[in-house]
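Open your viewer and keep the selection panel at hand. The tour goes stop by stop.

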Amino acid sequence: LGCKEKAIENFIYKTKPSFALAEKLLQAGWSVILDDNFASRRIKHKLTRALAKKFRTRFFVIKIYGNAAKIRKRLRGTKTALFPNWRKSVEHFERSRRQFDYGRFNKLYFAKVDATRPLPPQLKNAIRKLKRAMLE
């Protein structure tokens with residue numbers, strides 16, 4: 001990483017302890033799942049790839065997505081721990097949809113899971129695909 005990217009890396013490690021924890025777990029020989037919005041900053045991809053390279057492991061991105069109308073409908077009337085009311089949840093969802101360019105990462109996605117469709121068969125396929133990839 002260059003000087004500017006090193007400063008960004010330091011910032012992310014301080015504000016995103018998940019990357020620091022991931023490094024410690026990888027160092028101890030554990031598998032790691034990072035649950036984050038990778039569409040927000042390309043530097044997260046670089047950091048994750050750097051971690052994978054450092055520990056000679058693989059890096060897979062699984063995209064979780066869904067039909068916007070169905071997601072809005074599910075959010076209406078529900079209370080979450082993250083937001084004070086369902087209106088704030090919908091606002092956040094809409095802002096995220098406009099803010100991030102998910103399409104630019106399509107080549108990076110290892111698997112995709114539609115959160116508005118039944119999950120078990122999709123997860124089973126994603127896990128099967130991961131197992132095959134790990135044996136290669």
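**Ground rules.** This is a predicted model, where local features need pLDDT of at least 70, side-chain atom pairs count only at pLDDT 80 or more, and totals for chains, interfaces and linings use all residues. Residues are numbered from 1 along each chain as its sequence is written, and side-chain values use heavy atoms, leaving out hydrogens and water.

**Whole chain.** Colour by secondary structure. The protein chain has 6 helices and 2 strands, in the order α-α-α-β-α-α-β-α from the N terminus. These are DSSP runs numbered from the N terminus: helices are H or I with at least four residues, strands are E with at least two. Of the 136 residues, 28% are buried. Buried means under 20% relative accessible area, exposed over 50%, and partly exposed in between (1.4 Å probe, protein chains only).

**Salt bridges.** There are 3 salt bridges. The rule asks for a side-chain nitrogen of Lys or Arg within 4 Å of a carboxyl oxygen of Asp or Glu.

- Select Glu-23 and Lys-54. Their side chains meet at 2.4 Å, N to O. The pair links helix H2 (residues 17–27) to helix H3 (residues 42–54), 31 residues apart. Lys-54 is exposed, at 53% relative accessible area.
- Next, Arg-72 and Glu-94. This bridge spans 2.3 Å, N to O. Arg-72 lies in helix H4 (residues 68–75) and Glu-94 in helix H5 (residues 86–99), 22 residues apart. Arg-72 is partly exposed at 22%, whereas Glu-94 is buried at 17%.
- Then Lys-88 and Glu-91. Their closest N and O atoms are 3.7 Å apart. Both sit in helix H5, 3 residues apart, so about one helical turn separates them. Lys-88 is partly exposed at 38%, as is Glu-91 at 39%.

Select Asp-114 in strand S2 (residues 109–114). Not counting residues up to four places away in sequence, Asp-114 touches Tyr-65, Gly-66, Asn-67, Leu-119 and Gln-122.

**Last stop.** Select Lys-124, Arg-128, Lys-129 and Arg-132, which form a positive surface patch. Patch residues have over 30% relative accessible area and no salt bridge, with like charges joined within 9 Å and nonpolar side chains within 5 Å. Lys-124 belongs to helix H6 (residues 119–135) and is exposed, at 53%.

Methods. Contact means heavy atoms within 4.5 Å. Accessible areas come from the Shrake-Rupley method with a 1.4 Å probe; for residues, only the protein chains shown count as cover. Lys and Arg count as positive and Asp and Glu as negative; His and the chain ends are not counted. The place of a charge is taken as NZ of Lys, CZ of Arg, CG of Asp or CD of Glu.
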